[in-house]
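I opened a new structure today.

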Amino acid sequence: MPQLNEVQLKQQLKSGDFSRVYLFYGAEGYLKQHYAERLAKACVTPGMEGFNFKKYEASDGVPLSEVLEAAETLPAFGGYMCVLARDYALDALNTADKARLEEFLADPPESTVLLFWQDTVEVNAKKSAKWRAVLSEISQCGATVAFDRMDMQTLCKTLSAGAAKRGCQLEKTEARYLAETVGNDLNRLLGELEKLCSYKQSGTITKADIDAVATRSLEANVFDLSRALSSGNCARALEILSQLLQEKEKPELILGTLCGVYVDMYRVKLALEAGERAEAPAKFFNYKGKEFRLRNASRDASRYDKRDLRQALDLCTAADRALKSGSTPAPLVLERLLVQLAAIRAGTLQ
């Protein structure tokens with residue numbers, strides 16, 4: 001069976017025509033958990049969960065052989081036996097477990113639904129031949145489902161619908177602002193939406209409400225920092241950095257996010273000079289759910305030339321080496337970088 005998308009998975013859940021084996025993976029943790037729970041509820045006879053539903057965690061040290069043994073157990077009083085196996089690294093099995101899994105996948109029981117739920121384990125089929133092999137094997141007897149981040153349009157619709165269910169109204173512009181403020185992780189976004197609706201009670205949620213209640217992501221704060229630099233306000237950039245460090249944000253994450261902003265600007269600058277639109281880098285790099293980064297980059301990149309941006313990226317690389325060496329305190333490395341980036345903007349860097 002080819003890889004399923006979310007719509008096809010919903011159809012299976014509705015019809016009851018389940019695959020014998022599933023593999024859920026991807027960056028969107030909320031959707032993976034949501035559909036894992038829906039699948040278990042759909043295929044297990046109500047009231048028989050104690051007999052016909054088994055959940056195993058790789059972190060608990062339960063061997064894969066025990067998972068597969070449970071998956072071969074007949075369900076009590078009919079229906080399906082549902083076995084959920086969370087975070088088993090199927091690309092790194094020992095010889096015995098690999099052979100045992102292949103034997104199971106060659107002829108999975110008709111009365112079993114086995115779900116491999118990769119919650120924290122990353123499945124990178126583009127780079128890993130082993131994962132490609134695992135996905136191929138499971139696809140031959142079951143289904144694989146990749147839950148990627150939603151694009152901005154889908155995120156906005158989801159947030160607006162969520163607000164409506166909670167008795168509030170969230171317009172498209174404010175939904176986009178919420179996503180840009182909080183980030184594109186759906187689990188976190190829905191948590192912030194819950195806070196907003198509890199705060200608002202009813203009526204239309206405004207940007208002021210979002211600013212008052214929502215917790216800003218590191219990315220949003222670093223965007224503010226980079227805007228201050230591109231506007232020539234080094235003092236404000238240093239103030240934001242100080243706040244981030246006081247909030248115990250990791251220096252390497254701050255630096256990585258800031259480097260990403262300059263990478264975005266460089267990509268957009270090259271695209272525009274080639275006669276393309278600012279959104280062109282999204283054809284080649286993953287900006288799903290973060291398309292606004294290219295819009296921001298388009299605005300700020302106009303204040304730099306290519307040479308400036310290349311120089312900024314060189315400085316970011318040097319700062320990364322300095323952080324990793326540990327020879328200089330991390331706050332000093334970051335402060336020095338901001339001063340240097342401000343000097344590039346002012347045209348005074350020596």
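First, a term: an axis here is a line fitted to C-alpha atoms, for helices over the stretch in contact, and angles run from 0 to 180 degrees between N-to-C directions. I note that this is a predicted model.

**Entry: a helix pair.** I looked up helix H11 (residues 218–230) and helix H16 (residues 330–346). Their axes lie 8 Å apart, at an angle of about 45 degrees. That angle makes H11 oblique to H16. Which residues in H11 meet H16? I found Leu225, Leu229 and Ser230 on the H11 side. Across from them, H16 brings Leu338, Leu341, Ala342 and Arg345. By class, I list 5 nonpolar, 1 polar and 1 charged residues in this contact.

**Entry: the largest pocket.** I read off a volume of about 650 Å³ for the largest pocket. Its lining has 21 residues. Nearest the centre of this pocket lie Glu122, Val123, Asn124, Asp148 and Asn286. I sorted the lining of the largest pocket into 8 nonpolar, 5 polar and 8 charged residues.

**Entry: the second largest pocket.** This one holds about 280 Å³ of space. I count 15 residues in its lining, with Tyr30, His34, Thr158, Lys165 and Leu190 closest to its centre. Which helices each supply at least two residues of this lining? I noted helix H1 (6–15), helix H2 (29–43), helix H7 (152–165) and helix H9 (186–200). H2 gives the largest share, 5 residues. By class, the lining of the second largest pocket has 7 nonpolar, 3 polar and 5 charged residues.

Technical notes:
Residues are numbered from 1 along each chain as its sequence is written. This is a predicted model: local features need pLDDT of at least 70, side-chain atom pairs count only at pLDDT 80 or more; totals for chains, interfaces and linings use all residues. Side-chain values use heavy atoms; hydrogens and water are left out. Helices (H or I, at least four residues) and strands (E, at least two) are DSSP runs, numbered from the N terminus. Angles under 35 degrees count as roughly parallel, over 145 as roughly antiparallel, 65 to 115 as roughly perpendicular and the rest as oblique. Contact means heavy atoms within 4.5 Å. Ala, Val, Leu, Ile, Met, Phe, Trp, Tyr, Cys and Pro count as nonpolar, Asp, Glu, Lys and Arg as charged, and the others, Gly among them, as polar. On a 1 Å grid over the protein atoms alone, a cavity is a set of points where a 1.4 Å probe fits but cannot get out, and a pocket is an open set with protein on both sides within 12 Å along at least five of seven lines; lining residues have an atom within 4 Å of a point. Grid points are joined across faces, edges and corners, and a volume is the space filled by probe spheres set on the points.
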